[in-house]
Amino acid sequence: MRARSFGSDLLMKRSRLTERCLLALLSALRPSSDPASQRLTWSKPPTSILVIKKIQDDRLLQPFKDLCIFLMEEKDMIVYVEKKVLEDPTIANDESFGPLKKLCTFREGYDDLSDRIDFIICLGGDGTLLYASSLFQGSVPPVMAFHLGSLGFLTPFNFDTYQSQVTQVIEGNVAIILRSRLKVKVVKENWEKRGCQEHTVEENRLIVTKHGDNELGKRAMQYQVLNEVVIDRGPSSYLSNVDLFLNGRLITSVQGDGKIEVCEAQN
């Protein structure tokens, strides 16, 4: 196969390259036409980073410590971590983790990070990245995920060279892949309804359909989720009847134990 780039020819044998490697090489040789792949451009230099570590995994303590110290002391970054991470007895009782006392902390469900974080670093597997995404119900900052967990389909970075890779992200010298998220609204309709005019109020992620001055009626929780949504029948012993709508139009009805709705891959 012949690939042409910048006026030079490159001869490659398909038998020596997997299709994935071939596509990656060709993408590097010429500008990408994929709208999901773009270059990271900072409007101003990043100053704050959120580090998400897989909980209760002692194998990650040293990588977590090395990364945070590198970010604070060599890159002069403000580093945020979950409060429960620093409350881990292994960290709290070890004097060598003393420099980590300078970290900024937050509590899930209490502290809003939407305007504080420039980008996110995940230490763990795919579940850690999905959890990081769930913390931001609006726009999600760029996420850099190191494969230190059991599954690594969404975590492409190797921690052995974390210093050079993090430096490239801070300098904006990397490509990014945009991913779609699903907006999920869970509606409960088993509330007593009154014969009054109804209107809808949204507070945080709770959507309440009020009937007159009463809050009795429909209640819904709204989420932004990455990867997929599982609709399950729960503790009920009966099959579920699920109606699937797209933009208000009924697409299909499904009867079964549940349904998995998957985001369309953009990479």
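1. A residue counts as buried when its relative accessible area is under 20%, as exposed when that area is over 50%, and as partly exposed in between, using a 1.4 Å probe and protein chains only. At 0% relative accessibility, Ile 49 is therefore buried.

2. The model is predicted: local features need pLDDT of at least 70, side-chain atom pairs count only at pLDDT 80 or more, and totals for chains, interfaces and linings use all residues. Residues are numbered from 1 along each chain as its sequence is written, and side-chain values use heavy atoms, leaving out hydrogens and water.

3. The protein chain has 6 helices and 17 strands; these are DSSP runs numbered from the N terminus, helices being H or I of at least four residues and strands E of at least two. Of its 267 residues, 33% are buried.

4. Ile 49 is part of strand 4 (residues 48-53). Apart from neighbours within four places in sequence, Ile 49 has contacts (heavy atoms within 4.5 Å) with Leu 71, Met 77, Ile 78, Val 79, Tyr 80, Ile 117, Phe 119 and Ile 121.

5. Helix 2 (residues 61-74) meets helix 6 (residues 162-171) through Asp 66, Leu 67, Phe 70 and Leu 71 on one side, and Tyr 162, Gln 163, Val 166 and Thr 167 on the other. By class, this contact has 5 nonpolar, 2 polar and 1 charged residues. Here Ala, Val, Leu, Ile, Met, Phe, Trp, Tyr, Cys and Pro count as nonpolar, Asp, Glu, Lys and Arg as charged, and the others, Gly among them, as polar.

Terms used:
Axes fitted to C-alpha atoms, helices over the stretch in contact; angles between N-to-C directions.
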